[in-house]
Amino acid sequence: MRGTRRTRLCLAGVLAASTLIATPAARAAERTDGHLTDLVNPFIGSQNEGNTFPGAAVPFGMVQLSPDTGHSTGYDYTQRTVRGFSLVHLSGVGCRIGGDLPVLPTTGEVTQTDYAKYAAGFSHADEEASPGYYRVGLDSGIRAELTASRRTGVQRFTFPATDKANVLLNARQALHKPVGSTVEILDDHTVRTAITGHGFCRDTGPYTVYTITRFSRPFTAYGTWNGATVTPGARTGGGGAYVRFDATKDRTVEATTALSYVDARGAAVNLRAEGGRSFDAVRDRAREAWERRLVTVRVEGGDPILRRTFYSSLYRSFLAPNIGSDADGRYTGWDRRIHRAERFTYYQNWSLWDTYRTQAQLLALLAPREARDMALSVVKVDEDGGWLPKWGYGPVETNTMSGDPVTPFLTTAYQMGLLKGFEERAYRALRKNADGVPPAGYPGVGREANAEYIAHGFAPYDKSHPLAKMGDSDYHHGASVTLEYALADAVLAQMARGLGHTDDAARYAARAQSYRTVFDPSIGFFRARDAAGAFTGSADPARGIGFHEGTAWQYQWLVPQDLPGMIGLIGGERAANDRLDSFFAYDRLLADPGRTAREVWVHGDAYNYYNADKYNPMNEPDLIAPYTYLATGQPWKTTDVVHAALTLFTDGPTGMTGNDDLGTMSAWNVLSSIGLFPIQPGYDTWGLSTPVFDRVDLTLDRRFWPGGRLTVTAPGTSASDRYVQAVRADGTAHTRTYLTTDALRSTRSLAFTVGPRPSEWGTSPQAAPPVLK
């Protein structure tokens, strides 16, 4: 998902294509040894609207403790002041959210209450970050260090010698829109806050974040503020609080803050469960937690830059969704009531329009226990609140983006075996979502254009349709919404068939062909239709209307359930390959892959989605597009395009392609680098392309993957030797361009033979991915 803010995308320093895959001379260190956390650069994506954050978190933690510099989503590498270190950040979102309780150490008298005015300067020369840890030296002479546990953030401040060492806790300012806050100084070690806010791309319903902060030393003085008025000695306030320490001898202060979305008791429960440890102990545990995650994927080959970008992407893939339940299991449901998670952890923050395409599958592969709880949490959203989510933040719906992304998200969990024992509960929620629309009193829009889609086979484009609720409207994106609904119906039909609901399966499979209703044969592209059924908008597919964050060129490939049908509509394989070649600027790509990626595909601003007839590697609608060649008899071109796109991932602050969207782009990088990609999101088909590493060893959870491991090899893979000559699965020749999840589950080794020229591998009609019927 993207916001509306436009910033010029600078890709200075992007690697040339020749550095994407190691040459033989670059293989001095064949195996990644030592600590994998040392290969992660949390600053990647912190410039040019990647919107990542460099601060401290543990995998899927409730807390993401990170500096806020003034950018709408938190941290911008080009800015040079810190307003505070706050508790909540989402990696790569396009709209403002989080930033709750920015905390900043200062010295001297407290006279300012606006964090833009009391912000502290800093230099990148005195700044560092690694998984679970962040440190910066402020121009004030104070050193700030951050680390985190699952539900707490821990800060350590080292002051210059002074008897007026302050810590400011700002309850009234955040990245989103706080509408109410309270702050209480409970005793000489403890501060409690409650912060109610709303926001994101548009105003959501209100939600409240509760915090409690315990300091390692008693205060020598304190006070609170309301508005611009600071009251020394006051214990309560509505804006914020300051606490003071004598740092003339002991210059270090530590503070542990626990977070809860339930109530003040929940914050206290979390503090008791996870607090009480020193900063160094928490930092060591956070590093160990990240090492355990990263070590599930071991790579050989590749130069240092390639390994750093890979492991940094793997790191970002594990940042979300986030724990939403307290240590006692309680959580706030979408009915605004308190519930308790029994025998599972409740998660929240659902960027589903993005994550259903890549990150959901990667987590099902590498973190299946957590992925199972995440899927169950989405089912609980329905059972608690009445409907499935579209884009959920904390306990509220934002209605950001369009279509029906929750269906392929949950059917992915079903196909990956994560819903055992809960299949029918999930299916009931999906069936209700697919066949209806939430009532007016419910904050979510669901499949807003479902009545017209079911009756006529398409969602109409109606830009004048009023926004009945906050967020995006499906009516404003009728063409792409029709394609998204049809994909959701296709994968739901497969789930229905697997559970024995044959009538439903036939009905959804028929509806999955609705993509044909928005195909305009007069131009040979998908096109929006108005409420009367007439095609509308420009006949130029690069300038048509009704496509969400894209054009007809980019959305034409979003029919993974029936690529042969879509290919037939545009004139057959030859026509499809010609169009794909034009779309990817394939001739230019062969001549200069890196430059084509930077200058032809990336065509301007980070949020410039429209008026283009080329591949947009910065946005979700195109994530599957390079793999279309697997269905057109030219699979080697998938490798060419994928490897060129991978050059856009670099190891500096500009090294993301667009917003990361809670790990979506990072997961694309990880899966495409391994050579195993979910080409039919919501189903169980994994497309194959040349890996960028000589060897990848995946350690898998035996409860979900009986073999416990998968080794992918491609000896000699390089910029010149990048084409698949043959594939062997457990020693047996594999001639198809894909594997099913069942086949993957029983496979221990996947061996690619590569060479300098395309081969006949995967070119037969029988090798193409299946049609979902």
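This is a predicted model: local features need pLDDT of at least 70, side-chain atom pairs count only at pLDDT 80 or more; totals for chains, interfaces and linings use all residues.
Residues are numbered from 1 along each chain as its sequence is written, and side-chain values rest on heavy atoms, with hydrogens and water left out.

Helices (H or I, at least four residues) and strands (E, at least two) were taken as DSSP runs, numbered from the N terminus. Burial was assigned from relative accessible area with a 1.4 Å probe and protein chains only: under 20% is buried, over 50% is exposed, and values in between are partly exposed. On this scale helix 7, spanning residues 406–415, is mostly covered, with 10 of its 10 residues buried. Among them are Val406, Pro408, Phe409, Leu410 and Tyr414. The helix is followed by Gly417, which has a positive phi near 75 degrees.

Thr398 is located in the loop between strand 25 (396–397) and helix 7. With a relative accessible area of 3%, Thr398 is buried. Contacts were defined by heavy atoms within 4.5 Å. When neighbours within four places in sequence are left aside, Thr398 is in contact with Phe200, Thr204, Trp391, Tyr393, Met470 and Gly471. Polar contacts were defined as pairs of N or O atoms within 3.5 Å; within protein, one atom must be able to donate a hydrogen and the other to accept it, and residues adjacent in sequence count only if both atoms are side-chain atoms. The side chain of Thr398 makes such a contact with the side chain of Thr400 at 2.9 Å, and a polar atom of the Thr398 side chain lies 2.8 Å from the backbone oxygen of Trp391.

Arg447 occupies the loop between helix 8 (423–435) and helix 9 (450–456). Its relative accessible area is 0%, and Arg447 is therefore buried. A polar contact of 3.0 Å connects the side chains of Arg447 and Asp404. Beyond residues up to four places away in sequence, Arg447 touches several others, including Asn433, Tyr453, Asp474, Tyr485, Asp489 and Arg511.

Aromatic pairs were identified for rings of Phe, Tyr and Trp (its six-membered ring) with centres within 6.5 Å; planes under 30 degrees apart count as stacked, over 60 as edge-to-face and the rest as tilted. By this rule the count is 36 aromatic pairs. One of these joins Tyr453 and Tyr485 edge-to-face, at 5.1 Å centre to centre and 85 degrees between the planes. This pair links distant parts of the chain, with Tyr453 in helix 9 and Tyr485 in helix 10 (residues 478–498), 32 residues apart. Both Tyr453 and Tyr485 are buried. The ring centres of Tyr515 and Phe526 are 6.4 Å apart and their planes are at 85 degrees, so this pair is also edge-to-face. Tyr515 is buried at 1% relative accessibility, and Phe526 is buried at 3%.

A search of the whole structure for disulfides (cysteine sulfur atoms within 2.5 Å) returned 1. The bond joins Cys95 to Cys201, with an S to S distance of 1.7 Å. The link is right-handed, with 70 degrees about the S-S bond. Cys95 lies in the loop between strand 3 (84–86) and strand 4 (103–107) and Cys201 in the loop between strand 11 (190–198) and strand 12 (207–215), so the pair ties together parts that are 106 residues apart in sequence. Cys95 is buried at 6% relative accessible area, whereas Cys201 is partly exposed at 27%.

Salt bridges (a side-chain nitrogen of Lys or Arg within 4 Å of a carboxyl oxygen of Asp or Glu) number 45 in the structure. Asp187 pairs with Arg214, their closest N and O atoms being 3.6 Å apart. Asp187 is partly exposed at 30%, as is Arg214 at 39%. The side chains of Asp263 and Arg330 form a salt bridge at 2.8 Å, N to O, and both residues are buried. A further bridge joins Asp701 and Arg703 at 3.4 Å; Asp701 is buried at 16%, while Arg703 is exposed at 59%. Shared partners join Asp404, Arg431, Asp435, Arg447, Asp489, Asp504, Arg507 and Arg511 into one salt-bridge network.
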